[in-house]
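Hi there,

Here is the structure I promised to pass on. Please have it open while you read, as my notes follow directly below.

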Amino acid sequence: MKKIVVFTGAGISAESGLSTFRDSDGLWEKYRVEDICTHEAWERNPQLLVDFYNARRRDTMNAQPNAAHIAIARLQQSIPSTRIITQNVDDLHERAGAKNVVHLHGEITKLRSSINETATVQLKGWEQHYGDRHPDGSLLRPYIVFFGEGVPYFTEACEIASTADIMIVVGTSLNVYPAASLLQYAPRQAEIYLIDPGQPAFTPSSKIHHIQKKATEGVPQLVESILSNAAERKF
Ligand code: APR
């Protein structure tokens, strides 16, 4: 049974209206990482971060999964061994029907303990109130992996990537490590499809097929091709 691993970044949610980070209108064009995405920033001005992530959470709740999220969920429903790893903190994969999504950089719909990086609670609604505490007694903070912090599920993601016969990479500039190194964990014989209208940071090779299309066009087309060939390719 062939194994498909999907790895996504902010670009897959761009057509749902959620900003990417490094495009010309991206979040890092408007905000400084050191002000809203580091542990020092949290210590220095927690209310600013609570307000920032509340606004992004509200945007996420108002966004809808797009044709790319839906196609990936359909792929997983048709080939249940398919695994999805994302750098995104939105829940659009799940709202499209995807299961067991591995979030490398956190989940905006959850808050986490300040003393245990994987102790999370589901937030009801979009608004965190600064000062609320986790059952472990520590202050609750956004469940976002800040720059310089560990990536709790990276080992699990590497194990998943190492089983891929096909890796589908969608909407990531491949600028941020260790997440971007997942492509190196794919087996040598794996086929890698990279769907991005831009030019992510990858070394061209015969095993990487760059489909220079937007996610909502390239992903459904690729999924359709895989599913229509699934029979003879023993998926
Ligand atoms: N369809 C597909 N790809 C798109 C689309 C689209 N409609 N629009 C933009 N893209 C591509 C861009 O060309 C770019 O390659 O999406 C990518 C977005 O790159 P980034 O903004 O760097 O986002 P990402 O790669 O997910 O960032 C990784 O950096 O700031 C941290 O934690 C944050 O998880 C994030 C990580």
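**Aromatic rings**

Y53 is buried, with a relative accessible area of 1%. Please keep in mind throughout that this is a predicted model. F52 is buried as well, at 8% relative accessible area. The two rings form a pair: the centres of F52 and Y53 lie 4.8 Å apart and the planes stand at 90°, so the arrangement is edge-to-face. F52 and Y53 also belong to a cluster, linked by ring pairs, that takes in Y31 and F146. The count of aromatic pairs comes to seven.

**The sheet**

Next, the strands. How many strands does the open sheet have, and in what order do they run? There are six, ordered β3-β2-β1-β7-β8-β9, and the pairing is parallel. At the edges sit β3 and β9 (208–211), each of which pairs on one side only. Helix α6 (residues 67–78) packs on this sheet and touches β1, β2 and β7. The direction of α6 makes about 160° with that of β1.

**Helix α8**

Helix α8 spans residues 154–161, and its buried residues are F154, A157, C158, I160 and A161. Why do they lie on the same side of α8? They cover an arc of only 160° around the axis, and that puts them on one side of the helix. On the face of α8 turned away from the buried side you will find the exposed residues T155 and E159.

What do the buried residues of α8 pack against? Their partners are the strands β1 (4–8), β2 (83–86), β3 (102–103) and β7 (166–170), together with the helix α9 (182–185).

**Salt bridges**

Finally, the charged side chains. Side chains of opposite charge can pair when their charged atoms come close. A search of the whole structure turns up eight salt bridges. D35 takes part in one with R32, at 2.9 Å from N to O. The side chain of D35 also meets that of R44 in a salt bridge, at 3.7 Å from N to O.

How accessible are these residues? D35 has a relative accessible area of 27%, so it counts as partly exposed. R44, at 53% relative accessibility, counts as exposed. Salt bridges with shared partners join R32, E34, D35 and R44 into one network.

Another salt bridge to look at is the one between E107 and K110, where the closest N and O atoms are 3.1 Å apart. Is E107 buried or exposed? With a relative accessibility of 14%, E107 counts as buried, since the cut-off for buried is under 20%.

That is the tour. Do write back with any questions once you have had a look around.

Best wishes

Methods: Residues are numbered from 1 along each chain as its sequence is written. This is a predicted model: local features need pLDDT of at least 70, side-chain atom pairs count only at pLDDT 80 or more; totals for chains, interfaces and linings use all residues. Side-chain values use heavy atoms; hydrogens and water are left out. Buried means under 20% relative accessible area, exposed over 50%, partly exposed in between (1.4 Å probe, protein chains only). Helices (H or I, at least four residues) and strands (E, at least two) are DSSP runs, numbered from the N terminus. The arc is that of the directions from the helix axis to the C-beta atoms. Contact means heavy atoms within 4.5 Å. A salt bridge is a side-chain nitrogen of Lys or Arg within 4 Å of a carboxyl oxygen of Asp or Glu. Two strands pair if DSSP finds at least two bridges between them. Axes are lines fitted to C-alpha atoms, for helices over the stretch in contact, and angles run from 0 to 180 degrees between N-to-C directions. Rings of Phe, Tyr and Trp (its six-membered ring) pair if their centres lie within 6.5 Å; planes under 30 degrees apart count as stacked, over 60 as edge-to-face and the rest as tilted.
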